[in-house]
Amino acid sequence: MPYVPTLPPCTVGDWDNARRRRRLRDTRTGHSWRRFGRLRRFLARAAIATVPLIALYTQYWHYDVAPMREQLAETQPLIHPVYDAQDPADRDTAVVDLVGLGNLDATATATALPALSGLGDVWAVEYDNSGIDTAVVSRLVAARAETLGIDSVILTGHSMGGIIALEVAQHLYRDTPLEVLGVILDCTPIDLHAVRADSRDAGEELLRWVGWIPGARESRILRMIVEIAARQDRFVLLSDRWYRRIDGSEFIDVVDEVLKDKILSTNAASNGLIESQFRAIVASGANNSLRALAAEKDDKVRPAIVFVRPRNASNDHVVDVEYTQRALVEHSGGIDGTLLVAKIDHTGHANPIQAPQAYDDAITKRIESFIDQRPGENLEDDPDNDDGPDTTTGPTVGP
C-alpha cells in the first residue's frame with residue numbers, strides 16, 4: 001500500500017474566514033494593479049458582464065431588426081383602383097382615399113364606400129411601409145392622373161389621413177395642372193391639440209420608445225410587446241389579493257391575434273410607418289395647407305373642404321372634433337368660405353367600415369352636391385339639430 005502521511009487534526013484557525021478572504025483578495029485578477037486598481041478592476045468586471053448582453057443584442061439585430069429593415073427598404077407607395085365612376089361623365093375625376101394612424105392600405109376603407117364613385121373613379125393609396133413622404137404620394141397621384149387622362153382629383157382622408165390628404169392636395173393644387181375639387185376630412189385632428197389626452201400620450205410614448213431603443217422602428221419583438229400590452233384589459237383580471245390574475249386562455253388568444261394581425265400580416269403598418277404618421281400630426285402643417293388651398297392659384301377653383309364628424313362629439317374618443325371644426329371655420333369659413341361640416345348620427349371615430357351606410361348617405365345626399373357646385377358659399381350641415389344651425393358658418397343644408 002502507498003504511504004499516506006498522517007495529518008494533524010484540523011482546528012478552527014485552519015478554516016478562519018478572514019484568512020480565506022485575504023487569500024482570495026491576494027490571488028484575484030488584478031490584485032497586483034496598484035495605479036487606479038479599483039477602477040481598472042471595475043471596468044474589467046463590467047466588460048465581462050456585458051458579453052452576454054452583447055451576444056443577445058447581436059441576435060436581436062440579426063434575426064429581428066435587419067431582415068425587417070431589408071424588407072421595408074423594398075416597399076413603396078402604391079395606388080390601387082377600387083371603383084369606376086358611376087357616371088361616365090365623371091371619369092375625368094379621381095377620388096383618392098388615404099387612411100389614418102396604424103393603417104397601411106386604404107383599399108378596404110374605400111371599398112366600404114361605393115358612394116364615392118358618384119364623384120369619380122375611386123383610388124386607394126397604400127403607404128410606403130417605411131414612412132410617409134407627401135411629395136412622393138402627390139407625384140404618384142399626378143403621374144397616374146396624367147397616364148389615365150384625369151383632369152381633377154378629390155382627396156379624402158380618414159383621421160390622421162386627413163392631414164396627409166391636405167398636404168398632398170396642397171402639392172397638387174400649387175405644383176401641378178390638376179384641379180383639386182375638394183378635400184374630405186373624416187374626424188381629422190387638425191393638430192396635436194385636437195388629439196384627446198389618452199391617445200396623445202400613447203403616441204408620445206411610442207416616439208420615446210423609438211428614440212431610445214436601437215432598431216425599434218423595425219423590431220417585431222418590441223411591436224409584439226407593445227400590442228399585447230395595449231390589450232391587457234382583456235387578460236389582466238382583478239384579484240382579491242394585492243396582485244392581479246392572468247387569464248391564460250384569453251392571453252393566448254391575444255398573442256394569437258397580435259401575431260396574425262400585426263406581426264405576420266403583410267398588410268400591417270410597421271413601427272416606422274406608425275411613427276411617421278404620428279409625427280405628421282405632431283408637426284402638422286394642416287393650417288398652412290388650409291391657407292394655401294384657400295388662396296387663389298392662377299385660374300383654378302379653390303378646393304372645397306368637407307369635415308365629416310359624429311353629431312355627438314363625445315362619440316369620438318380619439319379626436320376632439322369640436323376643436324377641429326373651430327379651426328376649420330377659422331381657416332376655410334366666412335362669407336366666401338369653402339367649408340361644409342357634415343355631422344353623421346351614430347358614428348364614432350373615422351369608422352366608415354363599421355358604419356358604411358351612414359357615410360354613403362352623407363356622401364350622396366350632402367357632400368356630392370357641395371363638391372359639384374363651385375365653392376364659394378360656406379355651409380353647415382346640421383339637420384335635425386334641436387338647437388338650430390351653427391350660425392357661425394352659414395345656413396344649414398337639409399338632409
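## Ground rules

Residue numbers start from 1 along each chain as its sequence is written. Because this is a predicted model, local features need pLDDT of at least 70 and side-chain atom pairs count only at pLDDT 80 or more, while totals for chains, interfaces and linings use all residues.

## The largest pocket

Start with the largest pocket, at about 1500 Å³. (A pocket is an open set of points on a 1 Å grid where a 1.4 Å probe fits, with protein on both sides within 12 Å along at least five of seven lines; lining residues have an atom within 4 Å of a point.) It has 47 lining residues, and Leu-101, Gly-102, Asn-103, Lys-262 and Ile-274 sit closest to its centre.

The top contributor is α6, with eight. By class, the lining splits into 26 nonpolar, 14 polar and seven charged residues.

## The second largest pocket

The second largest pocket holds about 280 Å³ of space. Met-68, Gln-71, Ile-263, Ser-265 and Ala-268 are the closest to its centre, out of 18 lining residues. Here α2 (37–73), α7 and α8 each supply at least two residues.

## Helix α5

Helix α5 covers residues 161–175 and spans 21 Å from first C-alpha to last, close to the 21 Å expected at 1.5 Å a residue. Eleven of its 15 residues are buried (under 20% relative accessible area, 1.4 Å probe, protein chains only). Among them are Gly-161, Glu-167 and Tyr-173.

Note on methods:
Heavy atoms only, no water. Points joined across faces, edges and corners; volume = space filled by probe spheres on them. Helix = DSSP H or I, 4+ residues; strand = E, 2+ residues; numbered from the N terminus. Nonpolar A, V, L, I, M, F, W, Y, C, P; charged D, E, K, R; others polar. Expected span 1.5 Å × (residues − 1). Buried < 20%, exposed > 50% of the residue type's maximum accessible area, 1.4 Å probe, protein only.
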